[in-house]
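Biologist: Hi, could you walk me through this one? I'd like to start with how the chains meet.

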Amino acid sequence: MHSRSAISVKPSRWLPGWLQAAFVPTWAWVAYGLMVVPCILVIPMSFAGEDQLVFPPRQFSLDLYRKFFGSVVWMEALKQSVVVASGTAVLATCIGVSAAYGFVRGRFFGRSVIGFLLFSPMLVPAVVLALGVYLYFARLGLTSTTLGIVFAHTVLTLPFVVVTSSSGMRQIDVNVELAATMMGASRFVILTRVVLPQVWPSVLASALLAFLISFDEAVLTWFIAGAGTATLPVVMFSSLKSEVSPIIAAAATLLMTTTMLLSLIIALLTKRASDE
Amino acid sequence: MPPEGGIRTRGRALNASQSNTADGNLFWFVVPALILMGLIFLVPLGYVFYYSLLVDGRFSTDGFVTLLTSGLFYRVFITTFEISFLSTAVSVFLGYAVALHLSRLEPRRRIIYMGMVMLPFWTSILVKSYSFTLILGRRGIINSVLTYLFGDAARLELIYNRIGVVIGMTNYLIPFVVFPVLANLLAQDRNLRTAAEIMGARPLRIFMSITLPLSIPGIVAGALMCLVLSFGFFITPAILGGRRDVMLSNLIDLYTRETLNWNLAAATGVSLLLITALLMAVLSRLPGTRNAFT
């Protein structure tokens, strides 16, 4: 810290010795526990077999996974989740990367208003947007179609794609693009042949982020998905509302592992992008 | 990597070297996003307002009158406020401790501990809600330990009631307190604390009269963010709450799917949107909060 003075020989204490030694860490560890335990508890539970309410699990079994992969409902949901998340990732990345390029390099009329519009899905309560999309899709006949869900998810993930990919674009040298312009390249050629090869880590990161958010999304999908188009989170939500089936532990672990793996890759890609 | 300022200057040079039309061309790169946002975001929001004023096929504000005079809406509204404020208070209390703890770690260790704060950020709310049913349930982990130690009488009702909802929401909200408060604590001038120490102030006194008052902007920013988020909670009250913990979002779901009253659903949605917008407006007016979230 640059503001540290030469006088500060020992680290200053904020609370009395015994309080500092015990109270704040205990208090903080309650919070750490509350944050971390619910996130990782499902992993041991998913290997516990049928008798899942006993902790710690008495036996190790893959029964729940066998049931999960043997169940038509869960497998259909998993397939649907992958299809929707892939579609969302492709659509949101194409639209979002293009918008990010326009924003980073362009100075046009209404730029800040459009920027606010692109970020507003983060500000609106999910249920309100879900209701609006439901009413609108009911009129269009898009309710419980995969296409409709992909469109809705794309709106939700677009702000994240724009932020992630434009942070990469801000760091590259604009003179390369200037050179390409002088040699007669169009803006589209510059984006695809000059910019994208330089910023691919952040573009890939934003695509994965879009996949991740779509794969996890429950509220919008709950409103607009039908019986045949329910995603994994929707099936989890409806089964958690009615009976709590032990298979959920296996589903939750799969959902969580996917999320963790993807966010790790995203973190590595964005770190790489900012290091360069 | 050239500094940010350098890029911006060169960006301006690029703009100057080209005609306005070449620059205007870049607008077309934003158009697909604009079309999507217009069709799948603005139009649906318009539909919510439209349906909130559409009663039996004609334009009327009856929906809002019905809501304001209905006992159900009033109860749900009060419940939403109670749950939101309670969860926010608990989250600020716990989040402050985490921020305090993190601010005193050396940067290298802080990154490792930050991982624990980021974990709930990246975990699906459904996974966490399911875990809470295992932890808090009648035969869950906490009750198993309690009955093992103290017998059957020690069983606690921790789920399908207010307690369950608040615990579940706090888990989600704590990181939103930690980030602004931590940013604030790290930005505080160490010399103030050193000066107080030299003057002979006890550590508790230093905390109460320097650290805590200075961190109030961070606390307010975090608390408002929690309030904004908690008003829109849907999954957690549906899974961990009981019949008396229905929040505004769940009421919208009920009107949409169970009673098929789209007018009342939309009117409730407009109310929720207005409350959130009001809180957001307060949040964006606060000094120094922008940096904490953007």
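Modeller: Happy to! In this predicted model, 86 residues of chain A are in contact with 86 residues of chain B, where contact means that C-beta atoms, placed from the backbone, lie within 7 Å.

Biologist: Which element gives the largest share of the side of chain A that touches chain B?

Modeller: Helix α1 (residues 17–40) of chain A, with 14 residues. Helices are DSSP runs of H or I of at least four residues, strands are E runs of at least two, and both are numbered from the N terminus.

Biologist: And how does that side of chain A divide by class?

Modeller: The side of chain A that touches chain B has 62 nonpolar, 15 polar and 9 charged residues. Ala, Val, Leu, Ile, Met, Phe, Trp, Tyr, Cys and Pro count as nonpolar, Asp, Glu, Lys and Arg as charged, and the others, Gly among them, as polar.

Biologist: Before we go on, what should I know about numbering and confidence?

Modeller: Residues are numbered from 1 along each chain as its sequence is written, while chains are lettered from A and ligands numbered from 1 in the order in which they are written. As the model is predicted, local features need pLDDT of at least 70 and side-chain atom pairs count only at pLDDT 80 or more, but totals for chains, interfaces and linings use all residues.

Biologist: Thanks. What domains does chain A have?

Modeller: Domain 1 (17–62) and domain 2 (64–275), with bounds from an automatic or database domain assignment. Their centres, taken over C-alpha atoms, are 31 Å apart. In chain A, 8 residues of domain 1 are in contact with 9 residues of domain 2, and the domain 1 side of that contact has 4 nonpolar, 3 polar and 1 charged residues.

Biologist: What is A:A251 in contact with?

Modeller: Leaving aside neighbours within four places in sequence, A:A251 is in contact with A:F68, A:W74, A:L232 and A:M236.

Biologist: Over to chain B. How many helices and strands?

Modeller: Chain B has 16 helices and 2 strands, and 44% of its 294 residues count as buried.

Biologist: Is B:S230 buried or exposed?

Modeller: B:S230 is buried, with 27 other C-beta atoms within 10 Å. This serine is found in helix α12 (residues 216–231) of chain B. Beyond neighbours within four places in sequence, B:S230 has contacts that include B:I83, B:S84 and B:M169.

Biologist: And where is B:L105?

Modeller: B:L105 lies in the loop between α5 (71–103) and α6 (107–122) of chain B. B:L105 is partly exposed, as 13 other C-beta atoms lie within 10 Å. Setting aside neighbours within four places in sequence, B:L105 is in contact with B:R110 and B:Y113.

Terms used. Two residues are in contact if their C-beta atoms, placed from the backbone, lie within 7 Å. A residue is buried if 20 or more other C-beta atoms lie within 10 Å of its own, exposed if 12 or fewer, and partly exposed in between; C-beta atoms are placed from the backbone.
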